[in-house]
Amino acid sequence: MRYISTRGQAPALSFTDAMLSGLARDGGLYVPETVPRLSVDEIAALRGASYEEIAFRVMAPFVGDEIDAAVFRDLIAKAYAGFGHDARAPLVQLGPNHFLLELFHGPTLAFKDFAMQIIGQLFQHVLAARGERVTIVGATSGDTGSAAIEAFRGLDNVDVFILYPHGRVSEVQRRQMTTPTEANVHALALEGDFDDCQARLKDMFNHFDFRDRVRLAGVNSINWARVLAQVVYYFSSAVSLGAPDRKISFTVPTGNFGDIFAGFIAKEMGLPIDRLVIATNRNDILHRCLQTSEYRKAGVAPSISPSMDIEVSSNFERALFWAHDHDGAAVAALMEELKTGGFRVSENAMAALRAHYDSGMADEDTTSATIAAARRQTGELLCPHSAVGVHVANQHLGATPMVTLATAHPAKFPAAVEAATGIHPPLPNRMADLYDRAERITQVPNDLTALETLIEERLTP
Ligand SMILES: *Cc1c(COP(=O)(O)O)cnc(C)c1O
């Protein structure tokens with residue numbers, strides 16, 4: 001299995017090299033050259049299998065012979081052992097033909113654990129086999145950073161540094177990043193906002209001296225291995241609702257388009273998915289694009305679903321690559337145009353997108369009202385991101401069963417949940433002592449040299 005860039009100019013890589021490099025050298029994103037298909041019988045045979053078994057059968061064709069099958073099974077087992085629910089990704093019913101896929105039973109209570117936990121195991125295995133180590137640096141508005149620190153803590157061949165905006169993440173998110181005690185993980189509170197964190201991260205990747213010296217690697221949401229790990233729960237949920245004998249639709253609370261794009265890959269693999277519904281908050285560049293064909297920046301407005309507060313959606317590039325029949329030059333031209341503020345998607349490409357995707361938006365009041373209504377009607381406490389999904393899904397219900405992805409646990413965003421319902425959502429028992437654990441807070445100036453110096457001082461010798 002070879003991986004190619006969405007911009008067509010970077011060398012094709014193996015699975016492990018694509019995973020370790022993250023972004024392609026031409027600025028594009030790695031995608032598999034061809035998507036392996038599972039037959040109807042192979043999909044039917046997933047019914048009743050454990051989450052781990054489904055993960056192995058879905059991901060193995062993408063990994064090929066680069067990792068021994070028994071080893072890969074073992075890495076998958078380790079990745080999901082720390083989840084707080086034996087089903088890993090359980091379904092609950094919200095209404096007639098509407099189901100909620102709870103993706104928040106991982107160690108940091110958001111769906112990002114599904115990908116980050118297996119990526120941690122894969123990095124460790126591949127680096128140990130090669131006798132190499134890397135320094136992972138990431139920028140986070142909250143969920144990615146906590147999931148990365150949790151996944152990589154205590155692993156031998158990686159040091160992890162996460163930049164988060166000082167004073168601008170929720171207390172649960174901050175504590176999840178600052179309480180782990182392992183020497184190889186470091187949460188850095190940058191004096192600036194999330195854009196500053198991302199800008200300094202980019203500066204480090206562009207500072208080749210530093211980049212090579214510390215062997216910089218990235219695990220942000222454009223890393224192909226993260227998308228791949230998310231394909232698994234589309235299969236596990238769909239087969240438990242009757243696939244492949246009937247079609248299933250999905251609604252996905254969307255920011256950077258990684259999660260919903262995993263659904264598209266599941267469909268390409270042969271899973272009978274009817275509609276993939278993009279649900280956005282007030283930062284609705286994707287919804288506007290689906291409606292008007294214009295993909296245009298409009299700034300970021302803070303919301304009560306902060307993990308979806310984006311100006312542009314990085315993984316959408318992958319969808320555009322498919323919508324342009326794998327024409328890397330066409331995608332590169334659009335991405336060049338994006339630098340000037342946006343672009344218009346061609347009629348053909350729009351038709352290709354609309355063949356799979358629908359979209360909808362929930363503003364702030366609607367999100368709160370949806371949290372309250374779900375509590376009243378079903379007893380379920382939704383996090384604000386999941387509520388955006390449920391609202392949009394409600395507009396797309398029909399004869400096909402609808403699965404809405406619940407992307408975070410309500411206790412991760414207690415203020416918004418309490419404002420909507422009057423209920424303070426408790427943390428699950430296994431992390432009830434989060435507020436009692438000691439924090440290690442390292443505040444850093446918004447300055448490249450200071451950051452690089454600190455990182456080199458803290459590296460495991
Ligand atoms: C990251 C995140 C999202 C958005 O996922 P994308 O893959 O970026 O579209 C939605 N909800 C929560 C809780 C998240 O952490």
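**A proline in a loop, and its setting**

P36 sits in the loop that runs between β2 (30-32) and α2 (40-44), where helices (H or I, at least four residues) and strands (E, at least two) are DSSP runs numbered from the N terminus. The model is predicted, so local features need pLDDT of at least 70 and side-chain atom pairs count only at pLDDT 80 or more, while totals for chains, interfaces and linings use all residues. Residues are numbered from 1 along each chain as its sequence is written, and side-chain values use heavy atoms, with hydrogens and water left out.

P36 counts as buried because its relative accessibility is 16%; buried means under 20% relative accessible area, exposed over 50%, and partly exposed in between, with a 1.4 Å probe and protein chains only. Setting aside residues up to four places away in sequence, P36 touches M1, P61, F62 and M269, a contact being heavy atoms within 4.5 Å.

For another buried position, consider Y233, which belongs to helix α10 (residues 224-240) and has a relative accessible area of 0%. Beyond its neighbours within four places in sequence, Y233 is in contact with Y51, A89, L101, L103, F111, F114, D259 and L405. Y233 and A89 lie 144 residues apart in sequence, yet their C-alpha atoms are 6.8 Å apart in space.

As for the whole chain, buried residues make up 59% of the 461 residues, and among contacts with a separation of 6 or more, 75% join residues 24 or more positions apart. The secondary structure comprises 19 helices and 15 strands. The radius of gyration is 21 Å, close to the 23 Å that the globule rule gives for 461 residues, so the protein is as compact as a globular protein of that length; this radius is taken over C-alpha atoms, and the rule is 2.2 Å times the number of residues to the power 0.38. Along the principal axes, the C-alpha atoms fill a box of roughly 60 × 50 × 50 Å. The protein exposes about 17,400 Å², of which carbon and sulfur atoms supply 48%, with accessible areas taken from the Shrake-Rupley method with a 1.4 Å probe, and only the protein chains shown counting as cover for residues.
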